[in-house]
Amino acid sequence: MSKPASLVDPEARCDWLDKVDAAKYLRDKGFHNITSNTIAHAARTLKTLHEAKRVGKVYFWHTSWLDEWVESL
């Protein structure tokens, strides 16, 4: 049985990110002051970011949603 690419190659891109990885993704794009709380606040309170998909107790955002949110800023 083969392992998923994300386990074999740590540089493999994942399209669904939790709030910590989403903040890192946006910081890598140049938004150095973004925190995981900023992302959660934008989604829940401001409604400017798509609401996250919940899996258990963890919320995930798609990278295309994050890119759309950055373009709208």
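These legends go with a set of close-up views of a predicted model. Local features are kept at pLDDT of at least 70 and side-chain atom pairs at pLDDT 80 or more, while totals for chains, interfaces and linings use all residues. Residues are numbered from 1 along each chain as its sequence is written, and side-chain values use heavy atoms, with hydrogens and water left out.

**View 1. Three strands make an open sheet in the order β1-β3-β2, with antiparallel pairing.** Strands are DSSP runs of E with at least two residues, helices are runs of H or I with at least four, and both are numbered from the N terminus. To count as paired, two strands need at least two DSSP bridges between them. β1 (16–18) and β2 (53–55) sit at the edges, each pairing on one side only. From one strand to the next, the twist averages 40 degrees; angles run from 0 to 180 degrees between N-to-C directions, with axes fitted to C-alpha atoms (for helices, over the stretch in contact).

**View 2. Here β3 is shown with its partners.** Three bridges link β3 (residues 58–62) to β2, and β1 also pairs with β3 over three bridges. The β2–β3 hairpin has two residues between the strands, and Gly-56 in the turn shows a positive phi of about 70 degrees.

**View 3. Helix α2 meets helix α3.** The axes of α2 and α3 (residues 36–44) come within 8 Å and cross at roughly 105 degrees. That makes the two helices roughly perpendicular (65 to 115 degrees; under 35 is roughly parallel, over 145 roughly antiparallel, the rest oblique). In contact terms (heavy atoms within 4.5 Å), Lys-19, Val-20, Ala-22, Ala-23 and Leu-26 of α2 meet Ser-36, Asn-37 and Ile-39 of α3. Helix α2 (residues 19–28) also lies across β1 and β3, at about 110 degrees to β1.

**View 4. Trp-16 and Trp-65 pair edge-to-face.** Their centres are 5.4 Å apart, with 85 degrees between the planes. Rings of Phe, Tyr and Trp (its six-membered ring) pair if their centres lie within 6.5 Å; planes under 30 degrees apart are stacked, over 60 edge-to-face, the rest tilted. Trp-16 lies in β1 and Trp-65 in helix α4 (residues 63–72), so the pair ties together parts 49 residues apart in sequence. Trp-16 is partly exposed at 36% relative accessible area, whereas Trp-65 is buried at 15% (buried is under 20%, exposed over 50%, partly exposed in between, with a 1.4 Å probe and protein chains only).
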